Amino acid sequence: MSKAGGFVFVIKYWKTSICFLFIWSMICLNIALVSAKDLNVSAKSCILIEASSGRVLYSVNEREQLPIASTTKIMSALLALEHGDLDTSFVAEDNAIMVEGSSMGLRFGDTVTLRDLCYGMLLPSGNDAANLAAVRIAGSKEAFAELMNQRAQEIGMTQTHFVTPSGLHNDDHYSTAYDMALLAQEALKNTAFVDICKQKKAKLTFGNPPYDRWLSNHNKLLDYYEGCIGMKTGFTKKAGRCLVSAVERDGMVLICVTLNDPNDWLDHANIFDYGFSLVQKVNLTPDLSGICANAVGATQDTIPLTVQELSVVLTAEEQQRLQSRMLLRPFYEAPIQQGERLGSYEYLLDGEVIASGDICAAVDILSIKEQKVSIWERIKYYFKIIFLK
């Protein structure tokens with residue numbers, strides 16, 4: 001390259017870098033607070049949900065069936081992690097690793113483990129890793145796709161159909177932003193999945209012979225958005241840019257999915273800003289003042305109760321609509337041990353239970369059979385049983 005050519009290259013590089021850094025400074029500093037009407041998301045389809053309940057906080061065309069590119073690998077990696085036997089070494093002797101697109105660098109004859117392949121799927125988005133995991137688990141990519149679709153039905157992904165473990169384009173391979181949010185919600189329950197997808201880099205040992213190498217995560221939100229716990233990127237010409245991400249803040253986790261979004265990094269940051277401006281973690285404890293359970297055959301008529309505090313994530317408007325109820329039997333026969341479960345309490349939002357907990361005995365309740373009591377007390381006991389029934 002000539003000196004002049006090199007100078008032009010440097011100028012272009014710095015222009016690109018300055019632009020890039022400006023965009024990310026906007027994200028990190030949260031310069032502009034956004035409201036739902038101001039979001040102006042570039043995605044063809046998107047959704048934001050609260051992870052613990054699955055409640056939708058924001059969405060646009062969330063039920064539209066679209067190609068999902070490598071976000072497919074959320075399902076492939078989850079199935080691999082649920083399969084188990086993650087650390088048994090085996091040799092990559094299948095032509096499945098000879099695939100186009102992104103790769104973790106597998107070669108024919110490499111010694112590798114399923115855990116390595118999960119890292120390869122979730123960090124550098126290796127199509128070779130997804131294909132090899134499919135063959136290792138199910139015997140073929142086609143058989144693995146059947147497992148993917150079965151698991152999707154279990155999760156409730158009713159508008160999804162998988163054909164490939166990698167997400168390379170196929171007209172019959174599709175999902176929706178809503179379904180992918182359900183998948184992300186399920187994946188977050190798997191601690192091994194979370195441990196992998198939140199890592200910016202990971203050192204693995206594989207090859208022929210095995211040697212140490214580093215894999216890097218494609219998810220830039222891990223660097224530029226506070227609390228991001230990762231998830232999965234994706235891109236094909238047909239699908240466009242796809243992104244599934246999760247963020248944890250103040251004990252709350254939100255999940256965002258965008259499909260066919262040319263501005264996904266900034267959109268996710270703005271959507272998360274909006275989401276966290278809406279919700280707060282609320283501690284809920286039912287008021288037990290004046291409430292006791294009835295005891296029969298006991299040395300006392302009532303049973304003091306205790307409950308554990310619950311935490312839920314709600315918007316301010318949802319807190320106004322929240323209702324509660326207690327579920328207790330008419331009476332409980334002694335003896336009763338302290339801490340014994342007697343019933344439950346529930347919090348409902350628009351008629352749907354969003355949180356529940358146990359109601360327990362606060363003290364030991366002794367039976368009259370364990371104590372010397374008068375005939376009169378025994379008569380009262382039997383009459384009490386008759387009327388409470």
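Predicted model: local features only at pLDDT ≥ 70, side-chain atom pairs only at ≥ 80, totals over all residues.
Select helix α2, residues 73-83, together with helix α5, residues 141-155. Their axes come within 10 Å and cross at roughly 95°. Angles of 65 to 115 degrees count as roughly perpendicular, so α2 is roughly perpendicular to α5.

Now show the side chains where the two helices meet. From α2, pick Met 75, Ser 76, Leu 79 and Glu 82. Their partners in α5 are Phe 144, Leu 147, Met 148, Arg 151, Ala 152 and Ile 155. Coloured by residue class, the contact of α2 with α5 shows seven nonpolar residues, one polar and two charged.

**The five-stranded sheet**

Move on to the open sheet whose five strands run in the order β2-β1-β9-β8-β7, with antiparallel pairing. Its edges are β2 (56-60) and β7 (228-236), each of which pairs on one side only. On average, and with direction ignored, neighbouring strands of this sheet are turned by 5° against each other.

Within this sheet, select β1, residues 45-50, and β9, residues 252-259. Six bridges join β1 and β9 in the antiparallel sense. Centre on Ile 47 to find Val 257 of β9 opposite.

**The three-stranded sheet**

Last, select the open sheet of three strands ordered β12-β11-β16, where the pairing is mixed. The edge strands here are β12 (302-303) and β16 (332-333), and each pairs on one side only. Strand β11, residues 293-296, pairs with β12 over two bridges in the antiparallel sense. End at Ala 293, which stands opposite Ile 303 in β12.

Notes. Residues numbered from 1 in each chain as written. Heavy atoms only, no water. Axes fitted to C-alpha atoms, helices over the stretch in contact; angles between N-to-C directions. Helix = DSSP H or I, 4+ residues; strand = E, 2+ residues; numbered from the N terminus. Parallel < 35°, antiparallel > 145°, perpendicular 65-115°, else oblique. Contact = heavy atoms within 4.5 Å. Nonpolar A, V, L, I, M, F, W, Y, C, P; charged D, E, K, R; others polar. Pairing = 2+ DSSP bridges.
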